[in-house]
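Dear colleague,

I am handing over the structure below, together with some notes on what was found in it. Please keep it open while you read the rest of this message.

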Amino acid sequence: MKFIDEFRNLRLAQALIKKIKDNTHHPIRLMEFCGGHTHAILRFGIRKLLPPEVEMLSGPGCPVCVTASRDLDCAISLSRVSGVILTTFGDMVRVRGTQENLQSARTGGADVRIVYSPLDALKLAEKHSRRPVIFLGVGFETTAPGIAASILEAEIKGLKNYFVFSLHK
């Protein structure tokens with residue numbers, strides 16, 4: 001595959017490292033924020049190849065990368081409780097727990113639904129007032145306020161079937 005194989009070309013990688021070394025004249029700090037990036041940097045020894053002026057910093061990771069398998073296992077278990085509607089952002093559906101993911105739980109009969117915001121989950125709770133609706137809350141400080149607002153809105157509306165399983169970091 002043309003564009004994939006180019007990333008595996010040793011000569012190109014060596015030329016790129018040489019170019020970085022030749023053009024680095026002052027300290028540079030770069031942060032990789034995705035766990036996948038961090039793993040690749042470690043796996044291929046990229047830090048050792050870079051000149052000492054280039055410092056690589058590991059960031060917090062995205063919510064998908066930093067969610068523990070055991071937490072996903074809990075979410076999967078919740079999705080299997082009779083009558084429960086488990087809602088989540090789309091990127092969490094294929095994240096693997098220790099044995100499976102929410103997609104396979106859905107295939108097995110669990111009612112797992114992808115929503116674009118916690119307010120969509122709140123609407124489901126209004127529509128299905130006799131069923132518990134659980135929103136899988138993931139993320140950092142950017143997603144927490146919206147999810148907190150959905151809890152306050154559920155209280156204002158008197159919804160007793162809306163829950164949040166918070167996995168915030």
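In this predicted model, the side chain of R113 makes a polar contact with the side chain of D111, at 2.8 Å. R113 belongs to strand β4, which covers residues 111–114, and its relative accessibility is 24%, so R113 counts as partly exposed. If neighbours within four places in sequence are left aside, R113 is in contact with I85, L86, T87 and T88, and also with L124, H128 and R131. R96 stands 17 residues from R113 along the chain, and the C-alpha atoms of the two are 16 Å apart.

As for V138, when residues up to four places away in sequence are not counted, V138 touches P63, T67, F89, M92, T143, I147, L167 and H168.

Finally, there is the pair of helices α8 and α9, whose axes lie 9 Å apart at an angle of about 25 degrees; since angles under 35 degrees count as roughly parallel, α8 and α9 are therefore roughly parallel to each other. The crossing of α8 past α9 is right-handed, and the contact involves P118, L119, L122 and E126 of α8 together with G146, I147, S150, E153, A154 and K157 of α9.

Note on methods:
Residues numbered from 1 in each chain as written. Predicted model: local features only at pLDDT ≥ 70, side-chain atom pairs only at ≥ 80, totals over all residues. Heavy atoms only, no water. Contact = heavy atoms within 4.5 Å. Helix = DSSP H or I, 4+ residues; strand = E, 2+ residues; numbered from the N terminus. Buried < 20%, exposed > 50% of the residue type's maximum accessible area, 1.4 Å probe, protein only. Polar contact = N/O pair within 3.5 Å; in protein donor to acceptor, adjacent residues only side chain to side chain. Axes fitted to C-alpha atoms, helices over the stretch in contact; angles between N-to-C directions. Parallel < 35°, antiparallel > 145°, perpendicular 65-115°, else oblique. Left-handed = near helix turned anticlockwise from the far one by under 90°.
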